[in-house]
Amino acid sequence: NIEYRDCFAHMTGVGGLGLWSTGFYAYRVTDRAAGVHYYNCKSTYAGQAPTMGHGFSATSANNVHWHECDAGWTNIDPQTGLANAYPGEGIGFAFDDFTHDSTITNCSSHNNVGAGIVAAHQGSNNTVTYNKITNNGSYGLVINGSPAGANNINVSNNTITKNTSHGIQGWSPTNGLVISTNRIANNGGYGIAFSASGMVGYSVVNNSISGNTLGATLNVVLG
């Protein structure tokens, strides 16, 4: 194993010189046997440069695991408490393009400009469990298959509340998505929203969905 414990990243990208203004970044990690693990690490106010702002990010990676980590205020100006001037995505935790066999567990993603968690962007076999995702400026949690497809993503036992848009957004093409036993409440859009087509082989069961502005679900068949 490669392990990072009790690490802290603050205001990454200050001065506008950073290649990536991301708190913690795993790029082209291919250690399938042992994996790379982050324990109790914290990113605050990442995204202080005109690059892709994420609190935690993995790209073209396998076997990356975030445990009990915290991502907050990504792409927020610490002086004003508002979105900064940079065009980053402002995501708390992102399994970006082609990240596979990875997990986000017992983490907190809050008060970010963008989505709280992106569980897959053309990725497979990723798991997102027991996380708290709240007060983010876009979606709570995203599964994005476009364009190559996302497969076998497990989203379970998370608390997803008070995000500006949908609690969970699924974009096609996606196959084998499981959404179960989550509490999804008081978000600004639907509790769960899917693309109108291209979401296949999924299961949405035993979730508590309430108080979302636009209703419980869009383009979702429960069961």
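Predicted model: local features only at pLDDT ≥ 70, side-chain atom pairs only at ≥ 80, totals over all residues.
1. Salt bridge. The count of salt bridges comes to one. Its partners are Arg5 and Glu3, whose closest N and O atoms lie 3.0 Å apart. Side chains of opposite charge can pair when their charged atoms come close.

2. Exposure of the two partners. Are Arg5 and Glu3 buried, exposed or partly exposed? Arg5 has a relative accessible area of 48%, so it is partly exposed, since the exposed class begins over 50%. Glu3 has a relative accessibility of 39% and therefore also counts as partly exposed.

3. Largest pocket. The largest pocket holds about 230 Å³ of space. It is lined by 16 residues, and those closest to its centre are Glu89, Ile91, Val118, His121 and Asn144.

4. Make-up of the lining. Nine of the lining residues of the largest pocket are nonpolar, four are polar and three are charged. Which strands each supply at least two residues of this lining? They are strand 9 (91–95), strand 12 (117–121) and strand 15 (141–144). Strand 9 gives the largest share, with three residues.

5. Strand 16 and strand 20 (residues 174–175) are joined in the parallel sense over two bridges. Asn151 has Asn175 of strand 20 as its bridge partner. Strands of a sheet pair through backbone hydrogen bonds, either parallel or antiparallel.

Notes: Residues numbered from 1 in each chain as written. Heavy atoms only, no water. Salt bridge = Lys/Arg side-chain N within 4 Å of Asp/Glu carboxyl O. Buried < 20%, exposed > 50% of the residue type's maximum accessible area, 1.4 Å probe, protein only. 1 Å grid on protein atoms, 1.4 Å probe; cavity = no way out; pocket = protein on both sides within 12 Å on 5 of 7 lines; lining within 4 Å. Points joined across faces, edges and corners; volume = space filled by probe spheres on them. Helix = DSSP H or I, 4+ residues; strand = E, 2+ residues; numbered from the N terminus. Nonpolar A, V, L, I, M, F, W, Y, C, P; charged D, E, K, R; others polar. Pairing = 2+ DSSP bridges.
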